[in-house]
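Reader: I have the structure open and a few things to ask. Can we start with a helix pair and go from there?

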Amino acid sequence: MKLSLVIIGNGMAPGRMLDYLLEASAESDSSAFDITIFNDEPRVNYNRLMLSPVLAGEKSYEDIITHDDAWYQQHQITLYKADRVVAIDTDGQIVTSRSGIKKRYDRLVIATGSLPNRLPVPGNDLDGVLVYRDLDDVQAMLDTASAFRQRKLTDAQCSGGNVVVIGGGLLGLEAAAGLAIQGMNVTVLQYTDTLMNQQLDPAAGALLEAAVIAKGIRVITRADTQAIITNDGASVAGVELKDGTVLDADIVVMAVGIRPSVQLAESAGIAVNRGIVVNDAMETSIPSIYALGECVEHREICYGLVAPLYDMARTLAMQLLAQPSSYTGSVTSAKLKVSGIDLYSAGDFAEGPGREEIVLRDARAGVYKRLVIQNDCIVGIVLYGDTSDGPWFFDFLKKGKDISALRDTLIFGQSLQPTEGGGREVDPTAAVAALPDDAEICGCNGVCKSAITNSITTLKLTTLDEVRAHTKASSSCGTCSGLVEQLMMLSLGDQYHPAAVTPMCPCTTLGHAEVRRLIKSKKLNTVFQVMQELEWASSCGCAKCRPAINYYLVAEWPEDYRDDYQSRFINERAHANIQKDGTYSVVPRMWGGMTSSAELRAIADVCDKFEIPAVKVTGGQRIDMLGIKKDDLPLVWKDLGDAGFVSGHAYAKGLRTVKTCVGKTWCRFGTQDSTGLGIRLEKFLWGSWTPAKVKLAVSGCPRNCAEATCKDMGVICVDSGYELHFAGAAGLDIQGTQVLGSVTTEDAVVEHLAALMQMYREQGHYLERMYKWAKRVGVSEIRQQIIEDSDRRLHYFDRFVASQQVAQVDPWAERVQGKHHREFSMVQVNEPQRESA
Amino acid sequence: MKQSTTTCRHVQTEDRWLDVASREDIPQRGARRLRVGDQTVAIFRTANDTFHALVDACPHQAGPLSEGIVHGDCVTCPLHNWTISLVTGQAQGADEGAVQSYPVRLFDHRVQIDLSRVPVPVKKLTGGEMSSGGENVG
């Protein structure tokens with residue numbers, strides 16, 4: 001007598017399980033089971049992985065059927081379509097379906113799959129809010145797209161056709177790409193910083209984002225959905241984000257993950273955790289009941305990819321046939337099914353003890369590859385742009401093969417493994433080779449790449465000096481010398497040996513100047529893009545290069561760049577100065593060193609209220625409050641702000657203080673209003689970030705009580721006007737200032753010093769003080785550009801003013817308003833088990 | 001080898017895991033501080049979304065590691081640029097010393113920490129110069 005095998009669910013896992021079962025039965029020439037399947041969906045078994053090609057119009061439903069009606073008949077399997085099991089009587093071994101069918105079982109297989117998550121926000125059940133799970137969902141999307149195309153035929157200008165996809169994971173991106181192909185205007189919302197953060201490291205995520213955007217899809221990261229909105233109370237009209245952004249939407253697709261469908265099993269008393277708990281034999285906690293697929297939890301893991309389901313299917317088929325077999329878990333790999341985007345990830349690509357990474361970037365080909373190695377084995381793989389070696393690497397990973405013999409060439413892939421010795425050399429000219437001909441190399445003299453390479457070839461130039469003489473490239477500030485030399489190497493090959501460039505850090509072979517120029521020439525605008533395009537040797541940079549790159553991007557793209565706070569030193573993140581005990585000091589601005597009784601009273605009150613243990617007058621003519629707990633900072637700033645104070649940027653690579661003397665208002669020797677000019681300069685120059693700190697002083701006469709001749713920029717007032725000084729230092733090095741020139745009006749002082757500050761912002765290396773920059777570039781070159789060349793001065797001035805438009809925001813006031821509030825609060829757990837602050 | 005189903009359930013409900021934050025409360029390449037008695041524990045999240053916890057005191061001069069720059073699986077102390085492994089708590093490179101680490105896990109998008117180990121005493125402060133990242137200036 002045959003045993004009764006009942007299967008609940010007809011997805012890919014039980015489908016594959018049946019294949020194995022029938023195959024094995026065929027071999028033993030006896031069908032051991034009388035099989036019954038209950039399927040909630042009204043159709044036969046199809047390949048769910050192929051839903052994306054269906055949505056993209058590349059395949060039809062018929063193309064993706066794996067088991068058709070004839071197959072079920074041939075194998076004498078009873079399939080109930082559109083009928084789900086609603087109860088399991090585990091004592092009587094009987095299942096009951098929604099339509100009332102009762103079926104006794106000897107063996108029961110639960111394969112209820114998973115349920116798509118819905119964000120718990122208002123409006124998540126409106127008409128037009130879809131998930132992306134089965135063919136019905138795909139059909140609903142196709143219908144909407146088709147209706148919009150029809151409307152467009154009659155009215156080409158018609159609005160609409162907007163789709164918002166919530167979730168930038170595998171499914172969300174596939175849905176977005178398919179809908180974009182169907183002609184819809186698609187926006188993807190991603191809660192985290194990067195797309196597919198579950199499968200990709202941030203470097204690959206940034207590349208993916210650029211590729212998705214290139215497909216005409218809008219991407220908003222760090223998007224926190226507040227509500228799905230409606231105009232008529234029934235159907236969806238848009239999505240509102242927590243930051244107030246409202247996006248129009250005809251349909252909203254929620255692709256925010258899946259959870260095992262466990263309700264039926266749970267109500268039958270089967271042990272359930274996150275999924276239905278199974279052991280290595282795929283048995284649940286109740287005898288004769290098995291489970292497999294996305295509904296199960298095996299060794300604390302729930303799987304959502306197909307490969308593990310197939311492994312489970314094989315084990316379960318063997319178990320049902322009473323042949324010993326066990327499932328011990330799977331290592332998974334993921335691939336995005338969007339045409340034109342190649343990415344692959346597998347294993348565990350997090351760092352860990354004894355782990356190291358091998359990174360290969362090829363900027364020209366848009367390739368990023370990263371292998372994570374532990375104990376001479378590959379444990380994690382991320383490939384972007386070229387995934388052809390994915391299976392090859394994955395084989396190493398799965399089998400735990402030793403890679404030590406291949407280590408040096410492994411990353412180049414299977415086909416580039418040297419037959420004997422050899423391998424690929426890193427090409428130092430790769431970055432300049434990838435530049436377009438019209439890319440500007442020398443900013444001072446406006447010389448582009450092709451002008452330099454053409455001169456080298458046609459004029460047969462062989463030295464840097466010759467190139468400078470003929471093209472003017474790198475003849476001014478010299479910042480681009482390294483790039484010009486690389487172009488010479490590119491043109492002349494082995495005949496040219498450039499001077500060694502000191503790399504920024506161990507992550508790169510490029511120096512600061514090269515990185516800056518390439519950011520501009522290649523229009524790079526995120527930290528990750530810089531690392532990719534300039535072929536960084538690490539996936540995430542280090543504490544040396546990240547702050548530098550972040551500054552270069554801030555300085556280059558003042559309006560568009562989004563500051564990367566995690567790449568800033570703590571003082572600039574906390575907007576206060578960290579002290580050795582982890583407390584902070586706070587220095588509000590006292591413009592030009594002037595204060596009043598009201599200000600002093602407010603400071604005194606703050607000191608009392610927050611029990612600030614130390615108050616000190618600084619060398620920059622203002623007041624430092626020391627020993628403030630980080631959590632108190634926003635509260636201290638609130639009180640200071642109410643009294644009219646703003647941040648003094650005592651922590652910033654930016655304008656710090658402008659020290660003044662009392663000038664001709666009080667002093668019998670004073671020649672000009674040095675205090676007023678100091679205040680004016682401070683109010684004009686504060687805000688924009690600079691390579692290193694910038695301190696100013698204005699003295700009212702040559703007696704120089706404000707000590708202006710040891711500052712980054714200084715003004716000495718004289719009877720005839722103002723002497724401008726720069727490049728002084730009184731720290732690690734002591735150095736008197738250089739004279740920049742003389743001007744006759746306050747307006748001219750402001751114009752010249754702002755232009756000088758901008759020139760330094762554009763050319764200084766990160767953490768290079770102004771006197772060091774001046775030594776590198778040459779004092780006479782700076783004088784020439786700021787004093788003699790008035791056009792150039794005005795251009796610097798205009799760019800400085802443009803930067804100030806966005807930079808002159810008091811960071812303390814912003815944080816009092818709640819910006820980055822988590823930076824300043826402890827995670828609280830004293831309350832029972834809950835939440836962060 | 002069969003795995004008992006009750007073991008699965010037991011581990012995940014065990015009391016030693018303290019639920020401290022949602023995953024998104026901690027920024028990538030960043031940290032948040034957790035007060036435990038009179039000590040502070042720093043919980044880090046790397047670029048690759050792994051979570052780690054260390055006593056928030058550099059083995060050098062007890063600088064707050066939670067305020068450092070997170071890169072790879074290391075953090076660079078904001079006071080004197082020592083680099084500490086987030087995984088082992090060991091100082092990297094030529095520097096020697098270690099700080100107590102705690103097991104952290106991610107469970108259902110929640111960050112959980114096991115504080116059942118006894119923390120080592122933190123070294124007392126001594127003098128020392130400040131890093132280029134942030135000297136004191138008025």
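Predicted model: local features only at pLDDT ≥ 70, side-chain atom pairs only at ≥ 80, totals over all residues.

Reader: How do the axes of α21(A) and α22(A) cross?

Author: Helix α21 covers residues 746-763 and helix α22 covers residues 770-777 of chain A; their axes come within 11 Å and cross at roughly 75 degrees. An angle of 65 to 115 degrees counts as roughly perpendicular, and α21(A) and α22(A) are therefore roughly perpendicular to each other.

Reader: And α23(A) with α24(A), at what angle do those cross?

Author: Roughly 85 degrees, with the axes coming within 5 Å. The helices are α23, residues 779-788, and α24, residues 790-807, of chain A. By the angle, α23(A) and α24(A) are therefore roughly perpendicular to each other.

Reader: Which residues meet there?

Author: From α23(A), A:Q785, A:I786, A:I787 and A:E788; from α24(A), A:S790, A:R792, A:R793 and A:Y796. That contact divides into three nonpolar, two polar and three charged residues.

Reader: Now sheets. What is the strand order in the five-stranded one in chain A?

Author: The order is β23-β24-β27-β26-β25, in an open sheet with antiparallel pairing. β23 (333-335) and β25 (355-362) of chain A are at the edges with a single partner strand each, so one side of each has no neighbour in the sheet. From one strand to the next, the twist averages 15 degrees.

Reader: How many bridges join β24(A) and β27(A)?

Author: Five, in the antiparallel sense, with β24 spanning residues 343-347 of chain A. A:G347 stands opposite A:G380 of β27(A).

Reader: Which strands does α9(A) lie across?

Author: Helix α9 (residues 390-399) of chain A lies across β23, β24, β26 (367-374) and β27 of chain A, and runs at about 160 degrees to β27(A).

Reader: I'm looking at A:Y384. Is A:Y384 buried or exposed?

Author: A:Y384 is in strand β27 (residues 377-384) of chain A. Buried means under 20% relative accessible area; A:Y384 has 7% relative accessibility, so A:Y384 counts as buried.

Reader: What is A:Y384 in contact with?

Author: Leaving aside its neighbours within four places in sequence, A:Y384 is in contact with A:A204, A:L207, A:L208, A:A211, A:I341, A:D342, A:L343, A:G366, A:V367 and A:Y368. As for A:R361, 23 residues apart from A:Y384 along the chain, the two C-alpha atoms are separated by 9.5 Å.

Reader: Switching to chain B. How many helices and strands?

Author: One helix and 10 strands. Along the sequence the pattern reads α-β-β-β-β-β-β-β-β-β-β. Of the 138 residues in chain B, 62% are buried. Chain B exposes about 5700 Å², of which carbon and sulfur atoms supply 51%.

Reader: What is the order of the four-stranded sheet in chain B?

Author: β2-β3-β4-β8, an open sheet with antiparallel pairing. At the edges are β2 (30-36) and β8 (101-102) of chain B, each with a single partner strand, so one side of each is without a neighbour in the sheet.

Reader: How does β4(B) pair with β3(B)?

Author: Antiparallel, over five bridges, with β3 at residues 39-45 of chain B. B:F44 has B:H52 in β4(B) as its bridge partner. The two strands form a hairpin with five residues between them, and B:D49 in the turn has a positive phi of about 65 degrees.

Reader: And with β8(B), over how many bridges?

Author: Two, also antiparallel, with β4 at residues 51-55 of chain B. B:A53 has B:Y102 of β8(B) as its bridge partner.

Reader: Which residues of β4(B) point which way?

Author: B:F51, B:A53 and B:V55 point one way, B:H52 and B:L54 the other way, and all are buried. In a regular strand, side chains alternate between the two faces of the sheet.

Key: Residues numbered from 1 in each chain as written. Chains lettered and ligands numbered in written order. Heavy atoms only, no water. Axes fitted to C-alpha atoms, helices over the stretch in contact; angles between N-to-C directions. Parallel < 35°, antiparallel > 145°, perpendicular 65-115°, else oblique. Contact = heavy atoms within 4.5 Å. Nonpolar A, V, L, I, M, F, W, Y, C, P; charged D, E, K, R; others polar. Pairing = 2+ DSSP bridges. Buried < 20%, exposed > 50% of the residue type's maximum accessible area, 1.4 Å probe, protein only. Areas by Shrake-Rupley, 256 points an atom, 1.4 Å probe, with all protein chains shown as cover.
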